[in-house]
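This report covers nonpolar cores, helix packing and selected loop residues. The sequence and structure come before the description.

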Amino acid sequence: MFEKYFQEQSKWLQDALKARLDKKGITPPSEKDLKLFKEFYDFIKDHIPLGFSLAMGKVRNRTHVLNKNLDLIVYKKWCKNFLNLTGGYVLTDQIYSFFSIERELTTESLLKHVEITNTVKTMYAMDYNLPEEKIIPLYSILFAYNSRVPLLSHKLSMVHASEEKSIPINCEVDLICVLDQGIIVKDWEQATFKIIETNEDTLMWFYILFIEFLDRENELKLDLRSYIKEEKQYVEK
């Protein structure tokens, strides 16, 4: 039921990015222009459950302000003027998920997201005095259109960064998605990361995992996995 739809959506996202890059001209992947990802923002906006809002930019907790803007924030606001009340900041205890979006996933962009994830989750943990073994309910996602670096190398880079910087396990990245290649997902039971080569089904599995986390209160009463027509065996590493 879902496979063909998400394969078509994945192609639409790739084609839209290529068209925007052709129109804009060649620029280094390190020069991020979020306007290039308009179709991805539209995709998320059109596919998240009702009641959630999207934002880009500023985040704070009760005492600290994040000194970097986030590419995409999925959160709940309690009133229409939420951002006016908060001075334009999304409060960490209202965030459900936050993203970094990349044309090409490089080791540098990966490590930047690792750092941002550690900072944002730490800000949330500070407000509630959470211990390191307590899961922090902010879903950190890095979404990329392409990667010339193998997923295994990205996994090892994250593991090394966590060890080198002594990042608590509950402040690590939750999901990395590289379109048409695969995902790296946090494995809480094994306290490590798992690579799944989902290939043309990558967008579908990204969406299923994303929605499962957003619906952590089980309000939707929906099991998206049961609607997958064909069970496939993917390579895991």
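## Loop residues with positive phi

Lys-221 is found in the loop between H6 and strand E10 (235-236); helices (H or I, at least four residues) and strands (E, at least two) are DSSP runs, numbered from the N terminus. The model is predicted, local features need pLDDT of at least 70, side-chain atom pairs count only at pLDDT 80 or more, and totals for chains, interfaces and linings use all residues. Residues are numbered from 1 along each chain as its sequence is written, and side-chain values use heavy atoms, with hydrogens and water left out.

Lys-221 has a positive phi of about 55° although it is not a glycine. Its relative accessible area is 66%, which makes Lys-221 exposed; exposed means over 50% relative accessible area, buried under 20% and partly exposed in between (1.4 Å probe, protein chains only). Asn-129, in the loop between H4 and E6, is not a glycine either and has a positive phi of about 50°. Asn-129 is exposed as well, with a relative accessible area of 68%. Most residues other than glycine have a negative phi.

## Nonpolar cores

A nonpolar core is a set of buried Ala, Val, Leu, Ile, Met, Phe, Trp, Tyr and Cys residues joined through side-chain atoms within 4.5 Å. The largest one has 40 residues, and Phe-40, Ile-44, Phe-99, Phe-143, Tyr-145, Phe-206 and Phe-210 have the most contacts inside it. At least two residues of this core come from each of helix H1 (3-24), helix H2 (38-47), strand E3 (70-75), strand E5 (95-104), strand E6 (139-146), strand E7 (175-178), strand E8 (182-187) and helix H6 (202-214). H6 gives the most, with 11 residues.

Not counting residues up to four places away in sequence, Phe-210 touches Ile-44, Ile-48, Val-74, Ser-97, Phe-99, Tyr-139 and Ile-141; contact means heavy atoms within 4.5 Å. A second, separate core of 34 residues includes Ile-73, Phe-82, Cys-171 and Ile-184.

## Packing of H1

The axes of H1 and H6 come within 7 Å and cross at roughly 105°. H1 is therefore roughly perpendicular to H6. Axes are lines fitted to C-alpha atoms, for helices over the stretch in contact, and angles run from 0 to 180 degrees between N-to-C directions. Angles under 35 degrees count as roughly parallel, over 145 as roughly antiparallel, 65 to 115 as roughly perpendicular and the rest as oblique. From H1, Glu-3, Phe-6, Gln-9, Ser-10 and Leu-13 meet Leu-203, Met-204 and Tyr-207 in H6.

H1 and H2 have axes 8 Å apart and pack at an angle of about 150°, so these two helices are roughly antiparallel to each other. The residues that meet are Tyr-5, Phe-6, Gln-9, Trp-12, Leu-13, Ala-16 and Arg-20 in H1 and Lys-38, Glu-39, Phe-40, Phe-43 and His-47 in H2.

## Two further loop positions

Glu-172 lies in the loop between helix H5 (151-164) and E7 and is buried, with a relative accessible area of 10%. Not counting residues up to four places away in sequence, Glu-172 touches Thr-117, Lys-121, Ser-162, Ile-167, Lys-186 and Phe-193.

Ile-135 lies in the loop between helix H4 (107-128) and E6. This residue counts as partly exposed, at 45% relative accessibility. Ile-135 touches Asn-170 and Trp-188, not counting residues up to four places away in sequence.
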